[in-house]
Amino acid sequence: MERPGESRPVTVSDVQELVRRKDELEAQIRACYELLESQKGVGMNGPLVDAEGFPRDDIDLYQVRTARHNIICLQNDHKALMKQVEEALHQLHAREKEKHARDEAEALAEAMSQSQSLPQPFARVNAVTPGSPASVSGLQVDDEIVEFGSVNVNNFQNLQNIATVVQHSEGRPLSVTVIRGGRKVHVGLIPKRWAGKGLLGCNIIPLQR
């Protein structure tokens, strides 16, 4: 709950309310000016006495004086209100900028923590033949391999490790985990004979570390 002396953050509806009050004031000021115009166009500065110094009898002096007084008061209110509108808009804009900066910082922190938590790849797919088992499973060029069956960065020595796993998994699902676009992706790969060469139909190269 808001305590005395604490100012609550300005909202869009606050600004809308200030603008509504501004429009109301402007309508009242216009009405007063129209009244002065209807009194022989006397306006704010027209004389209220005749040539001989007597109060004019062709206008409603009370109405004119009241309208003039109201215009001065309303214009002061209008000026103060416009200052409030300006300050409110400035606050909204500053808060929006602050929120944007905070969102960007959070997104950056998330991206950094995600990249830190990604396992280390040991090989990369640099070619996939259309229609091959690798292609059918969804493996893509530039996928970085972090797990290929039982092979990972800790026990990978050379491509023969992968070849051995592929031969032993012919016709059976093989779990492959890759990094694609900064995210971990799991691919279900079934090595098998097809129209092309080998059991996969893709080319894998070791990553130089």
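Reply: A helix here is a DSSP run of H or I with at least four residues, numbered from the N terminus. Helix 1 covers residues 12-38, and Lys22 lies in it. The model is a predicted one.

Me: What makes Lys22 count as buried?
Reply: Buried means under 20% relative accessible area. Lys22 has 16% relative accessibility, so Lys22 counts as buried.

Me: Which residues does Lys22 touch, leaving out residues up to four places away in sequence?
Reply: Lys22 touches His78, Leu81 and Met82. Contact means heavy atoms within 4.5 Å. The Lys22 side chain also makes a polar contact with the side chain of Asp23, at 3.4 Å.

Me: How do you know that the side chains of His78 and Glu26 are joined by a polar contact?
Reply: A polar contact needs a pair of N or O atoms within 3.5 Å, one able to donate a hydrogen and the other to accept it. The contact between the side chains of His78 and Glu26 is 2.8 Å. Beyond four places in sequence, His78 touches Lys22, Leu25, Glu26 and Ile29.

Me: What is listed for residues 71-98?
Reply: An unreviewed UniProt entry lists residues 71-98 as "coiled-coil region". In the model this span is 100% helix and 0% strand, and its end C-alpha atoms lie 40 Å apart.

Me: Which residues of helix 4 are buried?
Reply: In helix 4 (residues 159-168) they are Asn161, Ile162, Val165 and Val166. An α-helix has 3.6 residues a turn, so residues three or four places apart point the same way. Gln167 and His168 are exposed on the other side of helix 4.

Me: What do the buried residues of helix 4 pack against?
Reply: They pack against strand 2 (144-148), strand 3 (151-152), strand 4 (174-180) and strand 6 (202-206).

Me: What makes Asn158 a cap of helix 4?
Reply: A side-chain oxygen of Asn158 lies 3.0 Å from the backbone nitrogen of Gln160, at the N-terminal end of helix 4.

Me: How confident is the prediction for the protein chain?
Reply: The mean pLDDT is 90, and 95% of the residues score at least 70. Confidence is lowest in helix 2 (residues 61-117), with a mean of 89, and highest in strand 1 (residues 123-128), at 96.

Conventions. Residues are numbered from 1 along each chain as its sequence is written. This is a predicted model: local features need pLDDT of at least 70, side-chain atom pairs count only at pLDDT 80 or more; totals for chains, interfaces and linings use all residues. Side-chain values use heavy atoms; hydrogens and water are left out. UniProt positions are given in the numbering used here, feature names are shortened, and annotations may be inferred rather than shown by experiment. Helices (H or I, at least four residues) and strands (E, at least two) are DSSP runs, numbered from the N terminus. Buried means under 20% relative accessible area, exposed over 50%, partly exposed in between (1.4 Å probe, protein chains only). pLDDT is the predictor's confidence in each residue, from 0 to 100.
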